Amino acid sequence: MEKNTIKKKLILLLSCVLFMEVCLSCTSLDNDSNHIDLSGEWAFQIDSLDVGIQQAWYTKDLKDKIHLPGSMTTNEKGNDITLETPWTGSIQDSSFFTDDDYAQYRQPGNIKVPFWLQPVKYYKGAAWYQKEITIPDSWEGKYEELFIERAHWETRIWIDNKAVGMRNSLGTPQIYDLSKVLTPGKHTLTIRVDNRIKDINIGKNSSSITDHTQTNWNGMVGDLYIIAKPVLHIADVQLYPDIKNKTVVAKVKVHYSGSQKINGRLRLMATSDNSNAETLKPLEKQMEIKNGNKEFTVTYPMGDHPLLWDEFNPNLYSMKVEIKSDEMKDSDKEVFGMRDFSTKGTQFMINGKPTFLRGTLECATFPKTGYPSTSLDKWLHIFKVCKSYGLNHMRFHSWCPPEEAFEAADQVGFYLQVEASSWANQGATIGDGKPLDQYIYDESNRMVKAYGNHPSFCMMAYGNEPAGKHSVKYLTDFVKYWEAKDSRILYTTGSGWPVIPESDYNSTPAPRIQQWGQGLKSIINGQAPRTNYDWRNIISSYKQPTVSHEIGQWCVYPDFKEIPEYDGVLQAKNFEIFRDRLKNHGMANLADSFLLASGKLQVLCYKADIEAALRTPGFGGFQLLGLHDFPGQGTALVGVLNAFWEDKGYVTGEEYSQFDNSTVPLVRLPKMIYMNNENLKAEVEIAHFGPHPLKEVTPTWSLTRKDGSVYEKGKLATTNIPLGNAFQLGTIKQSLNNIKKAEKLTLTVSVKGFENSWDIWVYPAHLPTITDQNKIKVTQTFDPSIVKDLQDGGTVLLTLPKGSIKPDKGGNIDIGFSSIFWNTAWTGGQAPQTLGILCDPNHPALQSFPTSFHSDWQWWDPVTHADAIRLDSVSFDIKPIVRVIDDWYTARPLGLIFECKVGKGKLLVSSIDLIKDKADRPVARQLLYSLKKYMSSKNFNPSVQVPAEKIKALLVH
């Protein structure tokens, strides 16, 4: 072989090797020659001593490696969790650090915190990311831009040894103009990311940064690239639909960095994938462009019949915008919808029709990654799940989601409220002249610029529940500023408060069945069950729509089967603590039963909350807290779905959407408990916020028994149903005198395929005589004569007055009808501290007292006249007839009704007072009858022997 040939082949081989090395060490161009993808391996170094800037780390080779997009935690970088971990978030209950019950979880190697989901690693501070990039010759003279879809949170950029700048947006991409520092050839891009709260204190509990939810991560996620654009390019496009005039106003900002004036042409063209859409024509405009930014306003006609966007018909258009001169051209495409989200009086309107917001909160809960998803498919799944449960709205609590969330909501038809990343409370304030004040304006402007074209972006607030001496003045100015600037969106001060006349809509916690701190005095706990109340008196003074703030907050027992699902950066160590507590009290086998029973009560509470809102004439809507669990703030298991948006096995979307939907039949019942000598009277109405009015509708109703057989049924008058709520359909009047024994009946109302139902209980006005009931001694005291009767073989029913149980035996446990509100750790033990009852409905003691295995409305009266009893203070062998489900933090074995042997006798203990005012308490009367009937039968044969002293030790006197 000739030497020249060999030389050529060696050169070719060497060129290939060098090319491969470049590919491995540098970021390469993708198929778009104007786009450099920066995803992949980066050099990395932790700057825990904060010396990187001083020591010019941007001029040095960083020692470690990391993969982006991602966070330090997803790359297993950072420190192990210890008792000194500097968390970002308030800890309301510090008992973890001191109580003996937590001692085993404070040991090195076994640290488990109960406050929130626990990350595998943790780091707070500065960290440095570095990558070598190669800029092609073809980029010479172009505009070059670095795009970081989501960074957490402050970034500083260097190209080689030149500082570029700083960005600190939490809710929008961080974008840098690199045109002055990038030239063709190799460069070192260095990014310093700092996740500490510094001079801008948005509040450590803000969902945008807190460890309560998404974690205070450090890194960069989503799209990460450098793009080259012509010196004449489109800098921004904002689209303002006008459905009345069938146009869209386009405000196009053009950037030109050339030195000579040029003539150009602006071209707009709207298209739709919907085959029913009209074919529209392009619109062109000639213009003269000078150096700098220039905004052009163009009114684009949308045809004779533009397709409108709403929750039922999420019709979308794409607007392609082109800018062209003789030498250059650039284009952009923006998705938008022809919609008008507005108000009329106290109602929200969508395209001139009333709508009702049925919303939930999203607090940046993503256990797999610890940061918000930038996957369109993930967000599509979330919104579709929400819609399957009847919702049409989501509020982002003190944060703003990434672009993909808006895209998904656009496609699904979902109304979004976003917030400017702040919860200025508990260590932070707003309106007091601090840097946060300006940051909120900057951040909200960035959000509207980035996402304002999305039809799903309907509402905005500064953030959550503000504090600050001058906060009302500041937030009033904030609302007025935005109302004057951008009419596409509705504005309010903050979620929760303050309510001011200048807001487009109110957000207030006043309209809900349990207020923070209300305890057992709330509607659901302090008033007998009924469905004839609403919030009209609360909203009567308001001239704008009202959204009830964070309604619900009803807890359910932890589902320990979820624990293996936490296989990402966040682990359910809190669940492991709670599981241990239950096991240590000998009740591990009851975990699933506690989940299902408390879950059924949770759903009942949510139904009551939601229906009260739907019954209120002229109401704007509600925002649940929430449809899925909130993993922080003491572990707030308030969701019927878990943190992964999965159901927990006790309610389906189909069942939930019976009372939470665009169309919901409703009844106003003055009570849920009846005697068989009474008549049922129910005023029937409907909340209908569907796509159009309903014509020639004949509502039907039925009363059915437990076995499904029909007790009675009927029809209401045929009518037309307009859009709105509180529309009267008629009255159901039905005698109950054919009910001969205690029964649960289900009242169901159906309207045009929409169905809703309510359980009522009917008890006999006259109870039959119980055989041998005289052998049963009913008492409210446990005095020596009662003890002697038992020792001699007597049969005793001890039904105790409320307040009889000693505090340490269960008397200090605040039980109520509802489940726990939010959670006891974050609320300082706010009542109720329990999660309803659990029983065997087939137990012979309950044979004449119809019940399910869980709390339902007939248990309101017994529970409100009861104390809990700590069963472990009586006997570990006691299996109660009616059990109380304790808070998962304490997991004590609690009961309301149990049986035992004392001496030769048989004792049934009821910590429910079944005697007081029993003539006016049909439920207590019926339960007492059922217990006495059981005690007079051969079935009553307790097996657990208990000394009389143990019973006596329960009692205050």
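Start by selecting E154, which counts as buried because its relative accessibility is 9% (buried means under 20% relative accessible area, exposed over 50%, partly exposed in between, with a 1.4 Å probe and protein chains only). Before moving on, note that this is a predicted model, in which local features need pLDDT of at least 70 and side-chain atom pairs count only at pLDDT 80 or more, while totals for chains, interfaces and linings use all residues. Residues are numbered from 1 along each chain as its sequence is written, and side-chain values use heavy atoms, with hydrogens and water left out.

**First stop: E154 and its partner**

E154 and K198 form a salt bridge, with 3.0 Å between the closest N and O atoms (a salt bridge is a side-chain nitrogen of Lys or Arg within 4 Å of a carboxyl oxygen of Asp or Glu). E154 sits in strand β8 (residues 154-159) and K198 in the loop between β11 (185-194) and β12 (219-229), so the pair ties together parts that are 44 residues apart in sequence. Helices (H or I, at least four residues) and strands (E, at least two) are DSSP runs, numbered from the N terminus. K198 is partly exposed, at 36% relative accessibility.

The whole structure holds 39 salt bridges.

**Second stop: two more pairs**

Pick R488 and D486 next: their salt bridge has its closest N and O atoms 2.7 Å apart. R488 is buried at 6% relative accessibility, and D486 is buried at 3%.

Then jump to D789 and K777, whose side chains meet in a salt bridge of 2.5 Å, N to O. D789 lies in helix α11 (residues 784-791) and K777 in strand β42 (residues 776-779), twelve residues apart. D789 is partly exposed at 25%, as is K777 at 37%.

**Last stop: a helix pair**

Show helix α4 (residues 435-451) with helix α5 (residues 471-485): they pack at about 25°, with axes 12 Å apart. Axes are lines fitted to C-alpha atoms, for helices over the stretch in contact, and angles run from 0 to 180 degrees between N-to-C directions. The angle makes α4 roughly parallel to α5 (angles under 35 degrees count as roughly parallel, over 145 as roughly antiparallel, 65 to 115 as roughly perpendicular and the rest as oblique).

To see the contact (heavy atoms within 4.5 Å), select residues including L436, I440 and V448 of α4 and F478, Y481 and W482 of α5.
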